[in-house]
Amino acid sequence: MTPLNLDSHDPRPLIEQIVVGIKQRIDERALRAGARLPSIRHFAEDHGVSKFTVVQAFDRLVAMGYLKSRHGSGFYVTQRSDTGDTANQACQLNRAMDVLWLLRNALQEQSHIAMPGAGWLPGEWMDGAGIQRSLRLLARKSGAHLTAYGLPAGYEPFRALLARRLEDQGIGCSARQIVTTRGASHALDLIARFFVKPGDAVLVDDPGYYTLFGYLKLSGAQLVGVPWTPQGPDPAAMESLIQEYRPKVFFTNTLLHNPTGVSISQAVAHRVLQLAERYDLVIVEDDIYGDLLAGPATRLATLDQLDRVVFVGGFSKTVSASLRVGFLACKYEIAESLTDLKLLTGLTTSEIDERLIHELLTDGYFRKHLEKLRSRLRRARGEAIRNLERAGLEIYRESEDGMFLWARRTVSENATRLAAAAAKQDIMLAPGALFRPQQEASPWLRFNAAGCGNPAIFRFLENEHTDPDR
């Protein structure tokens with residue numbers, strides 16, 4: 001095999017360059033089915049990289065179905081069906097390859113699979129009855145909203161209601177500062193397009209939200225991970241990274257953090273905002289899980305009052321992932337620019353969906369639904385923690401609210417291998433490497449408390465714990 005052209009100046013990590021290079025050769029038939037790749041040692045020597053880097057890249061290609069591993073023999077190209085020519089994709093989707101693989105697999109119909117690693121609540125936990133009730137009420141109302149485009153910034157009464165909800169959280173805001181989006185993910189995408197240029201260094205949580213990493217990689221950003229601690233982002237490490245990389249933006253998920261499940265402390269929040277002021281940094285605060293927190297909350301947007309913070313929220317985690325209703329709140333001049341970008345990249349959002357969420361929020365049932373959801377999650381968390389600890393796992397930090405638990409078996413284990421073994425038994429785990437900016441190896445796993453009801457999950461973990469090499 002002719003060596004790949006790896007570039008140390010490429011903003012993509014070496015692991016991703018190797019994955020993309022081998023995948024391209026397989027897609028272009030330069031590497032044929034059954035071909036044996038060089039050994040890990042020889043590949044590492046030929047390319048001037050570590051064996052660890054090669055192992056990580058080959059493991060991803062195995063997970064994606066491009067390679068197969070034969071014990072004691074090495075890695076071979078698998079037989080793949082012809083899916084058409086995708087080599088000329090103008091937007092370079094290969095930059096977000098790892099994220100796309102995960103999303104494709106996670107969002108397929110998999111009703112037979114246990115999914116403790118899923119990032120959403122089961123459908124039966126959501127407010128289906130409330131949605132049906134609001135749909136009936138909405139269907140009785142005629143008007144242009146049934147057939148026409150919505151307003152550029154979104155349904156005005158809905159934005160006014162969102163402004164009042166933010167004021168209840170201590171965030172001074174008007175409807176003019178709010179732009180509705182197709183879910184919180186769309187909001188993050190718009191913000192990334194607006195603030196980030198190819199080659200820019202961008203601070204993100206490490207570990208953090210893998211779909212955001214995909215957006216940023218697609219834009220050509222250089223991801224710089226800020227270590228996440230039990231109190232939130234590590235301020236000392238953050239300042240050191242700012243001084244080294246000079247980023248303009250920091251994307252962070254502050255409440256019921258994905259994937260660790262913990263929330264930022266007030267002391268750390270103040271320190272982060274001081275750093276933003278000192279180094280002229282924009283902070284994008286993803287608050288998609290905030291409604292699941294029953295107790296007091298520290299939000300950067302509350303302390304900052306949308307001066308340097310762009311605030312993102314949505315309802316896919318509490319009402320319906322299908323409706324795809326989210327929003328962002330920020331300074332008015334930024335909101336105007338993001339509205340223009342929204343129009344240029346996708347026209348307007350669905351006024352029908354926004355009216356539906358507006359109806360749910362105003363009829364009084366949403367508050368009761370949230371109370372029931374928090375209570376149910378709290379019970380599920382307690383049970384999941386007990387079962388995980390019984391199976392020999394260590395919990396990162398216990399907290400009462402939210403859906404996510406961060407756990408590991410040993411400090412040295414690579415959880416990706418454990419997840420691969422679980423997949424063979426129809427159990428979808430979420431290994432920690434997926435949540436790291438450069439997909440570095442990690443012993444941690446993300447568990448969704450609402451998805452841990454199947455006893456087979458813990459039987460598998462207990463068996464693997466007693467016989468990890470089986």
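**View A. Asp 287 is a buried residue, with a relative accessible area of 7%.** Buried stands for a relative accessible area under 20%, exposed for over 50%, and partly exposed for the range in between, with a 1.4 Å probe and protein chains only. The model shown is predicted: local features need pLDDT of at least 70, side-chain atom pairs count only at pLDDT 80 or more, and totals for chains, interfaces and linings use all residues. Residues are numbered from 1 along each chain as its sequence is written, and side-chain values use heavy atoms, with hydrogens and water left out. Asp 287 belongs to the loop that runs between S8 and helix H11 (300-304). Helices (H or I, at least four residues) and strands (E, at least two) are DSSP runs, numbered from the N terminus. Which residues are in contact with Asp 287, leaving aside its neighbours within four places in sequence? They are Leu 255, Arg 299, Phe 311 and Val 312, where contact means heavy atoms within 4.5 Å.

**View B. The largest cavity has a volume of about 120 Å³.** A cavity is a set of points on a 1 Å grid, over the protein atoms alone, where a 1.4 Å probe fits but cannot get out; lining residues have an atom within 4 Å of a point. The points are joined across faces, edges and corners, and the volume is the space filled by probe spheres set on them. The lining of the largest cavity consists of 13 residues, and Asp 287 is among those nearest its centre, together with Arg 165, Gln 169, Asp 291 and Phe 327. Helix H6 (156-168) and strand S9 (309-314) each contribute at least two lining residues to the largest cavity. Strand S9 gives the largest share, with 4 residues. Sorted by class, this lining has 7 nonpolar, 3 polar and 3 charged residues. In this scheme Ala, Val, Leu, Ile, Met, Phe, Trp, Tyr, Cys and Pro are nonpolar, Asp, Glu, Lys and Arg are charged, and the others, including Gly, are polar.

**View C. The second largest cavity has a volume of about 80 Å³.** Its lining includes Val 204, Asp 205, Gly 208 and Tyr 209, and also Leu 212 and Phe 213. Further lining residues are Leu 188, Phe 251, Thr 252, Asn 253, Asn 258 and Asp 286. Strand S4 (201-206), helix H8 (210-218) and strand S7 (249-252) each supply at least two residues of the lining of the second largest cavity. By class, this lining has 6 nonpolar, 4 polar and 2 charged residues. In total, the structure holds 5 cavities of 30 Å³ or more.

View D. Pro 207 sits in the loop between S4 and H8. Pro 259 sits in the loop between S7 and helix H10 (266-278).

**View E. Asp 280 has a positive phi of about 55°, although it is not a glycine.** This residue lies in the loop between H10 and strand S8 (282-286). Is Asp 280 buried or exposed? Asp 280 counts as exposed, because its relative accessibility is 54%.

**View F. Gln 439, which is not a glycine, has a positive phi of about 55°.** The loop that holds Gln 439 lies between strand S13 (430-431) and strand S14 (444-448). Gln 439 has a relative accessible area of 5% and is therefore buried.

**View G. Lys 217 is part of helix H8.** Lys 217 is a charged residue by class, and it is buried, with a relative accessible area of 6%. The C-alpha atoms of Lys 217 and Pro 198 are separated by 8.9 Å, and the two residues are 19 residues apart along the chain.

**View H. The whole chain, for orientation, has 16 helices and 14 strands.** Its C-alpha trace spans about 65 × 50 × 45 Å along the principal axes. Of its 470 residues, 55% count as buried. Among contacts with a separation of 6 or more, 72% are between residues 24 or more positions apart.

Methods. On a 1 Å grid over the protein atoms alone, a cavity is a set of points where a 1.4 Å probe fits but cannot get out, and a pocket is an open set with protein on both sides within 12 Å along at least five of seven lines; lining residues have an atom within 4 Å of a point.
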